[in-house]
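Here is a short report on one protein chain. Take a look at the model, then read on.

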Amino acid sequence: MTNPHSSENAGTQRARPGRLVVFEGMPRAGKTSMAETLAAAGCCVIGEYLDAEADGTAALPVDQHPLVSDDDAHQDNWIRKAAQAKIALGQDITVFSDRDWLSSLAYAYSLADGADLLAERASWAKRNLHDGNLLLGDVYVILHLAVPVSLQRRSTRLRPEHPWSSPAVLDRLATFYRSPAQIIGSIEPALGELIAQTSVLHISGLEPPSRNLRLVRRLGRTP
């Protein structure tokens, strides 16, 4: 894997001692379970959603995540997480993040009518990366999972109002995660180039969690 990160949009965010590893991918592929296991082992982990009403660092339980329609809450969360990651990265450690702003672009692409939203969010991400409000991961660990398996694993939690309860939408999401740099590059070439220069580890959510955890532990200094 390579990790040059050369782009005018990277700004000075590369000048940091620590390493940021971000978990992305299909719903119920194992991202949060992996993050929780690493946190229990003493690693520095930033949860998927942070509690804005508390000190901004505690993770929100799944049943308290923002509604899918609350766009501002989702976007604010990615910026809040980047701020926490900056603090931890200054300590020269590996920081693991359960998703980041890339999820917002993945969501937009997954919608059949999401072209305008994707363009808007790609522009937002490019601007905030440049301004230092968002961070680009040093490594993206993308967990893949077949759509029927994703739906089956979430059978008790599927909500009709959430697009990711639809097989067609999940098919588009799976396509995005196979080649995010190419898809984003068709909208924002500079942002796509930046993502393409980032190290990416593709792993299967069907593999035993212990195997995937061993692969992730090799990405940084972990207990």
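## A buried aspartate

In this predicted model, Asp 100 sits in a loop. That loop links strand 3 (94-98) to helix 3 (102-110).

Asp 100 is buried, yet it forms no salt bridge. The nearest side chain of opposite charge belongs to Lys 81, 7.3 Å away. A salt bridge needs the nitrogen within 4 Å of a carboxyl oxygen. Leaving aside residues up to four places away in sequence, Asp 100 touches Val 22, Glu 24, Trp 78, Leu 135 and Tyr 140.

## Order of elements

The protein chain has nine helices and five strands. Read from the N terminus, the order is β-α-β-α-β-α-α-β-α-α-α-α-β-α.

## Overall shape

The C-alpha trace spans about 45 × 40 × 40 Å along its principal axes. The radius of gyration is 16 Å. A compact globule of 223 residues would come near 17 Å, so the chain agrees with that picture.

## Inside and surface

Of the 223 residues, 48% are buried. The chain exposes about 10400 Å². Carbon and sulfur atoms supply 52% of that area.

## Charges

The protein chain carries 23 positive and 25 negative charges. How far apart are the mean positions of the positive and negative charges? They lie 9 Å apart.

How values were computed. Residues numbered from 1 in each chain as written. Predicted model: local features only at pLDDT ≥ 70, side-chain atom pairs only at ≥ 80, totals over all residues. Heavy atoms only, no water. Helix = DSSP H or I, 4+ residues; strand = E, 2+ residues; numbered from the N terminus. Rg over C-alpha atoms; globule rule 2.2 N^0.38 Å. Buried < 20%, exposed > 50% of the residue type's maximum accessible area, 1.4 Å probe, protein only. Areas by Shrake-Rupley, 256 points an atom, 1.4 Å probe, with all protein chains shown as cover. Lys, Arg positive; Asp, Glu negative; His and termini not counted. Charge placed at Lys NZ, Arg CZ, Asp CG, Glu CD. Contact = heavy atoms within 4.5 Å.
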